[in-house]
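Colleague: I have just opened this one and have not looked at it before. Could you walk me through it?

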Amino acid sequence: MTSEQKDLEVCISNYRAVFDYFLTPLSLLEFMPTLRDEARKEIQYFHDQPRKQVDIFLKELLECEERGIYQSFLDALNRSEDQRWIHDFMTGKLNDELTVKFIYHIENAEAFKKLFDIIQPQLNVIDARTLITVLRPWLSEGEKDDLNEKCNRLGSTYALPWIIYFILRKKPTWIKELYNHAEEANYSNEVEGTLAKALAQYFIFDENEKNVAEEKTQSSELPSTSAAYFDLHSGVNTKVNEAETSSSNELHTKLHHVENSSHDDPDDKDNETLVNSEQNIDTEKVDDGDTCTEIKEPCDPYQSYELRGYQHELVKLARQGKNVIICAPPGAGKTLVAANIIQNYYETSCRDDETKRNVLFFTPGIALAQQQHDRFKEYLPSKYMTDYRCGYGESTSLLGVKDFDVVVLTPQILLNELNSKDEHKSVYKIDEFGLLIYDECHHCIGSHPFNKVMRKYFGLEKDSDQLPQIIGLTATLGIGKAKTKDAALLEMKQLCANLNAVAGVVTVCDSQNKKEMEKHIANPDENHLPVNMKRDDPFFKEIITLMRNIEQVLKNLKEPIPQAPDYSQNDFDRQRFKQWCVETKKSLALTESPLSRNARSCVEYLEVCGEALDLYYVCRAEAALKLFESVAESQKQDTSTEISLYKYHTDAMNKLKKLCNDPRCANPNLAKIKNCILEKFAEVPDSRIMLMTQMKIYVYALKDWMNDDDKLEAYQPEVFTGLRTSAGVKGLSIKKQQAIMKSFRSGRHKILISTPHAAGEGIDVADCNLVINYNFLRNESLTLQIKGRVRKRGGEMVHISSDRVARRDQLNVHRTQLMNECTDILVDFIQSDQMAYRKELEGLNKLDMRRFHLEVLKKLKESQELEKVKQSNEEFLLQCAKCKGFVCSSHDLRLVENAHRINIMPEFKEKYEIMEHPRKDKRQMGQDWKKINKVICKNCNLDWGIEALYKGVFVLPLIKIEGFRITKKSTGSPFVTRKWKNAPFVPQDINLDVVLNQLCDDE
Ligand SMILES: [Zn+2]
């Protein structure tokens, strides 16, 4: 090998990441006339796959033995207008500031990829040709031609992703340039302005000193967000300096860290074919036990994290390659423990590049995935490439997953990939990875995606030479519904079996370590304040009177309806009342009685009263009144019954309005909450306080309450909920969740009002010094999780709950004790009798697999039945569930993307009216859909579904089955259901994109 080839090789390995993300070989070809024609053709052939082009191009450079090829490559880069920056970067000619930025980009290439996600939605409304014009300054002539051609051939919508794809390979300064340009032009060009603003929202260009300082203090800052993107942490800076003076360019080699271990000891490889759980014991010995100081490497910018004594105890078995569940309380540092295990895994058992298998880290939720990914970036030396993959349904791919050392992901993504029929998928079998870590592993039971992944693992047991090592991390082993010790133990063992934790459960046992751990984990003070649920004030009485009146109307209709549960009792049981409403509406939809519409109206009014009553108990009069008002607008007054119901409703509403500010109607519980909060702020002015309550609807009502209170409003209360919509209240998107959490940390919002599941598990709401648990039921896992949120020293937890909740809560306290006891028993058992334990695991494993097979059989049967239904294509008639008016035939419906049912008959439009969606929510339903309006029955105003905009092109009515009564045409027998999957027919599939293309052609 000549020295030139060597240089070239070093160069390629050093700058591989730059090339992968930014090199565009096509435009270099004209400056490199000596390249082989075959290579040229091949590169041209893959003009749509830049990454592939790069592979071919670099391979060609390495294999071609031509003298001067390295120089010729550098010259070509230098001559190519749009890639000169890469040349300058490699030769150190780029000014410091830019160099630093680019290094940051490359280190965060995945962050850069995110740009794609950011821009794309903005482009739905943009015409591709206009966009090409806007981006003209940064695109080469050839690219412009290519893109214009794509516009002509594919149409605007399909050309857009290509434009993004191309622009993402440009010198990253284009964002700033575009922004400046748009600003100078005063946003006169609409497309340019929209795009520039969208980008500016995410990428702050003004390197405001204060901002930078702020970002630096936040260790868990996301690399992908705003300031962090263009601002840089000091670590990279120092590294650049070192890199410039070092010939081997240490900075870039870290991108390919494995090579420094590949020449170490290839013989080790053979030992690795041992049984998974036994592997690496030898290497561990060589490693001289726990040498965590070795994590620190001299010129790494990352901060070295030393394990604490008790953490050493936690990692020990895992570092020996054994399958274990690591169980430690929240705040004990399980993620750091995981990082240590991962690093040890790469250093001891994964020395060979050829056989290297990467690490997957599973989290149960999307938000947690991003957060844990950030932690790994912080905890692992930067030579380890990390990435995270998460998203909705099948929209997220595992493409390129093996380019990273640690990938944090939600299990469903892997399952989708494994189940995919794509011949060129990224993952075929689970043993392509060497180490699987499950965060919050207590979920690994039943049909949770965690367990589905594990079932794939067990499915490989006989075929695989080397199953991956499995580690579970949790604060609680979980005892399901168990009430006795035996049952609880069984639940725990089942979890161990599901995770194949043959080496058992690791907890901190050493007494000294225990003491140390106690010091580090949060142990908040807990206080209980009884809630006052006695309400016999005028507001309460007014609602009760209204409900009695409605009930009387209902009775007069003489429909056979069971008595409503007693709503006048203190401590109103919302759940039971709701259930009654649902069941009554169902039976009214099925009856042929002509008065059923009126009866249903009564139930609907009652339902609102029930909800208002509940809101009144938990929140305050204003919230209840708001609900009353919103409903009055949507009710028809076509029959005499409806007219009188409406009158009762509005009369009551007017009386209630006057009572809102009556001190007799103030909620004493809110006063308690306010007291707790103000006391805490008086004691610690920079406190962070979280108020947790059961439902989203309360969360918003409580926010309104705080905002109406001068003292509380000063702390800028904000809501924090999970993703899902419940009871008509929208969840928050991940982006929103993260933004809120960020401003909570920074102190912009000092109070968060949250639902337990949003905050209890997942997103790290570190450093709360007061958590108020307002009247919701806890389960033992959640209790521990929530305690973990009160991490700040001296943190405090206050429970404000009604008798009913407190009683059930007490039961949960017992269950927590039971769980702790059983964990100790289990650990002892595993230590004392390994054989018996393993045997039990095997049995439980078989049990789980049997359950699984039964499930599969059930599914098969279901799908067969479904297929039968599909085949038969029997006709059903849909009537409005309230007024029973005929709406359409099941043959008029089509199934889109296996998810939405649309009515394709033009006449359908005549039968419904539209209403603005009550909560103006711009959130999209996935990539392609956007909610526009509510669809309601023209006759009776019953909610039938929504109108949604598809790909910004056409509006379609998406109907929900709950609004209809279904009758079999042949027999006339009626049927109602709340879920589409239970419907007795399956509409034909329709591919909207085909329709869309046809429309484009017609143009
Ligand atoms: Zn109707």
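Modeller: Let us begin with a pair of strands: strand 2 (residues 358–362) and strand 4 (residues 406–409) run parallel and are joined by 4 bridges. Please keep in mind throughout that this is a predicted model.

Colleague: What does strand 3 do with strand 4?

Modeller: Strand 3 is joined to strand 4 by 4 bridges, and these two run parallel; in this pairing Thr386 stands opposite Val406.

Colleague: Which way do the residues of strand 4 point, and are they buried or exposed?

Modeller: Val406 and Val408 point one way from strand 4, while Val407 and Leu409 point the other way, and all of them are buried. In a regular strand, side chains alternate between the two faces of the sheet.

Colleague: What sheet do these strands belong to, and in what order do its strands come?

Modeller: They are part of an open sheet of 7 strands with parallel pairing, in the order 3-4-2-5-6-1-7. Its edge strands are strand 3 (386–389) and strand 7 (505–506), each of which pairs on one side only.

Colleague: Changing topic, which residues hold the zinc ion?

Modeller: The protein donors are the SG atoms of Cys880, Cys883, Cys937 and Cys940, which lie 2.2 to 2.3 Å from the zinc ion. Along the chain these donors follow the spacing C-x2-C-x53-C-x2-C. Cys880 in strand 14 (residues 876–880) and Cys937 in strand 20 (residues 929–937) are 57 residues apart, so this pair links distant parts of the chain.

Colleague: What is the geometry of the zinc site?

Modeller: The site is tetrahedral, with angles of 100 to 117° among its 4 donor atoms. For comparison, the ideal angle for four tetrahedral donors is 109.5 degrees.

Colleague: Are Cys880 and Cys937 buried or exposed?

Modeller: Cys880 has 0% relative accessibility and therefore counts as buried, and Cys937 also counts as buried, because its relative accessibility is 2%, where the cut-off for buried is under 20%.

Colleague: What comes between strand 23 and strand 24?

Modeller: The two form a hairpin with 5 residues between them, and Gly972 in the turn has a positive phi of about 80°. Strand 24 (residues 974–975) runs antiparallel to strand 23 and is joined to it by 2 bridges, with Pro974 as the bridge partner of Thr967.

Colleague: Now helices: how many residues does helix 29 have, and how far does it reach?

Modeller: Helix 29 (residues 596–618) has 23 residues and reaches 33 Å from its first C-alpha to its last, close to the 33 Å expected at 1.5 Å a residue. It is largely enclosed by the rest of the structure, because 22 of the 23 residues of helix 29 are buried.

Colleague: Finally, how many helices and strands does the chain have?

Modeller: The chain has 41 helices and 25 strands, and of its 1003 residues 55% count as buried.

Methods. Residues are numbered from 1 along each chain as its sequence is written. This is a predicted model: local features need pLDDT of at least 70, side-chain atom pairs count only at pLDDT 80 or more; totals for chains, interfaces and linings use all residues. Side-chain values use heavy atoms; hydrogens and water are left out. The expected span of a helix is 1.5 Å times one less than its number of residues. Buried means under 20% relative accessible area, exposed over 50%, partly exposed in between (1.4 Å probe, protein chains only). Donors are N, O and S atoms within 2.8 Å of the metal (3.2 Å for Na, K and Ca); water is not among the atoms, so sites may look incomplete. Four donors count as tetrahedral if all angles lie between 85 and 135 degrees; four count as square planar and six as octahedral if opposite donors are over 155 degrees apart and all others between 65 and 115; anything else is irregular. Two strands pair if DSSP finds at least two bridges between them.
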